[in-house]
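Please work through each task before reading its solution.

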Amino acid sequence: MKVLGIVSEARDVNQCIPATQSISKHIKGYSFGELKEAKLVSLGRMEVLGIVSEARELSQAHTAPVMDHSPPFLATYKSLFDGQQAIDTDTEVVECCDLPLIDLSRLNDVLEAAQCKQDIVTAASEWGFFQIVSHGIPDGLLARLREEQVQMFRQPFKQKTSEKLLDFDDDSYRWGTPTATSLKHLSWSEAYHIPLSSSNKPATSSTIRCVIEELSLAMTQLANQLVDTLAEGLGRDGTYMKENCTRNMCYLRLNRYPPCPIPAQVFGLVPHTDSDFLTILCQDEVIGLQLKKGGRWFAVRPNPNTLVINIGDLFQAWSNGLYKSVEHRVMSNPHLERFSVAYFMCPSNETVIESSAQPATYRKFSFGEYRQQVQQDVRRMGHKVGLTRFLA
């Protein structure tokens with residue numbers, strides 16, 4: 001970017017202007033047939049349109065090599081793209097925001113601990129999202145996982161779909177949205193969704209397996225620390241969650257969002273809330289995550305030096321609505337790929353979710369019942385309904 005002399009402008013392209021809004025008006029004039037060659041559209045077509053110069057150098061660091069490792073989205077979901085309109089985002093005014101930033105080292109300071117806890121409770125109540133530093137997870141460990149993650153997704157697509165990832169479950173690799181009946185239900189992404197119950201199996205000597213084991217232990221400790229603080233903010237004890245959300249009940253998800261030639265037509269990840277107690281997210285510097293607050297969408301300015309925390313549905317129910325499980329999504333990008341890692345703090349299916357507050361906003365339910373209802377709604381309606389199914 002220094003060579004081009006447009007450092008600030010290009011940074012804005014990546015961090016302050018959602019890709020859907022900045023280029024969708026140029027893309028819409030082209031037919032499916034013209035767009036079906038993704039590798040030509042993402043930079044080639046944009047160059048013809050004269051809108052790539054600001055982002056070309058920035059994209060070189062994140063553009064996926066031209067290989068056969070990306071899923072065949074356009075071919076597989078052709079029937080959805082043919083004749084369907086773009087997702088309805090062009091009329092939305094999306095602003096950039098910085099999530100509340102909390103330094104967890106303050107919890108170890110006698111003078112700062114009380115205020116730090118209050119800041120966490122406030123962020124969980126008002127935003128449902130916040131970011132943390134001094135979280136205790138080594139930067140080197142996160143960097144090692146990112147290196148292994150990139151290599152995993154660089155495998156040929158056929159290999160990813162046919163070969164088992166180490167000794168994890170056979171169906172850990174996922175891509176797209178098999179249940180999608182319209183573009184608004186389709187996610188332009190691929191992922192390894194890893195149940196940490198697999199950690200009970202004999203470990204292999206592979207680097208990625210060792211890194212995942214080390215990271216999951218660190219994430220579990222961090223999640224327990226946050227749960228203690230959030231439970232204390234409710235006048236309750238976090239023991240119940242820690243006892244029922246042991247590491248082997250939780251999940252680690254490695255995400256990749258490939259460049260999408262038609263960002264105006266499909267999400268990177270469809271709008272949703274998380275069906276867990278707590279999510280810990282490590283993302284790279286490519287913008288994409290958006291959250292809904294006060295009826296408006298905000299683009300979260302990425303900070304790769306922090307971890308993002310968000311409240312899940314189960315914590316909202318357990319807190320009787322004090323802590324917010326906020327709807328969020330990931331926008332697709334025409335020429336930049338994006339990586340993230342998410343840790344989901346989940347209980348066993350038998351765990352009962354019940355608020356001690358009266359009157360209770362939500363009825364008592366088990367996690368297994370909740371999951372079953374979510375899956376049923378997705379199959380029947382194409383999307384998750386969530387907690388409104390469980391109002392008292």
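**Exercise 1.** Is Trp 188 buried or exposed? Determine also which ring pairs with Trp 188 and where the two partners lie.

*Solution.* The model is predicted: local features need pLDDT of at least 70 and side-chain atom pairs count only at pLDDT 80 or more, while totals for chains, interfaces and linings use all residues. Residues are numbered from 1 along each chain as its sequence is written, and side-chain values use heavy atoms, with hydrogens and water left out.

Step 1. Buried means under 20% relative accessible area, exposed over 50%, and partly exposed in between (1.4 Å probe, protein chains only). Trp 188 has 4% relative accessibility and therefore counts as buried.

Step 2. Rings of Phe, Tyr and Trp (its six-membered ring) pair if their centres lie within 6.5 Å; planes under 30 degrees apart count as stacked, over 60 as edge-to-face and the rest as tilted. The whole structure contains 15 aromatic pairs. One of them joins Phe 73 and Trp 188, which are stacked at 4.4 Å centre to centre with 20° between the planes.

Step 3. Helices (H or I, at least four residues) and strands (E, at least two) are DSSP runs, numbered from the N terminus. Phe 73 belongs to helix α6 (residues 73-76), whereas Trp 188 is in the loop between β4 (173-175) and β5 (190-195); the pair thus links distant parts of the chain, 115 residues apart. Phe 73, at 2% relative accessibility, is likewise buried.

**Exercise 2.** Which residues lie over the faces of Trp 127 and Trp 297?

*Solution.* Step 1. A charge sits over a ring if NZ of Lys or CZ of Arg is within 6 Å of the ring centre and within 35 degrees of the ring normal.

Step 1. Lys 293 is placed over the face of Trp 127, 4.8 Å from the ring centre. Arg 329 is placed over the face of Trp 297, 3.9 Å from the ring centre.

**Exercise 3.** What is the strand order of the open sheet formed by 5 strands, and which strands stand at its edges?

*Solution.* Step 1. Two strands pair if DSSP finds at least two bridges between them. The order is β1-β10-β9-β12-β7, with mixed pairing.

Step 1. β1 (95-97) and β7 (267-272) are the edge strands; each has a single partner strand, so one side of each is left without a neighbour in the sheet.

Step 2. Strands β9 (residues 289-293) and β10 (residues 296-300) run antiparallel and are joined by 4 bridges. Lys 293 stands opposite Arg 296 in β10.

**Exercise 4.** How many residues of strand β13 are buried, and which strands does β13 meet through bridges?

*Solution.* Step 1. In β13 (residues 338-345), 8 of 8 residues are buried. Both faces are covered, with Arg 338, Ser 340, Ala 342 and Phe 344 on one side and Phe 339, Val 341, Tyr 343 and Met 345 on the other.

Step 1. β6 (residues 251-257) runs antiparallel to β13 and is joined to it by 7 bridges; Arg 253 has Ala 342 as its bridge partner.

Step 2. β8 (residues 278-283) is also antiparallel to β13, with 6 bridges; Cys 282 has Val 341 as its bridge partner.

**Exercise 5.** Which residues have the most contacts inside the largest nonpolar core?

*Solution.* Step 1. A nonpolar core is a set of buried Ala, Val, Leu, Ile, Met, Phe, Trp, Tyr and Cys residues joined through side-chain atoms within 4.5 Å.

Step 1. The largest such core has 90 residues, and those with the most contacts inside it are Ile 137, Leu 215, Leu 254, Phe 277, Leu 278, Phe 315 and Tyr 343. Helix α11 (residues 207-232) gives the most to this core, with 12 residues.
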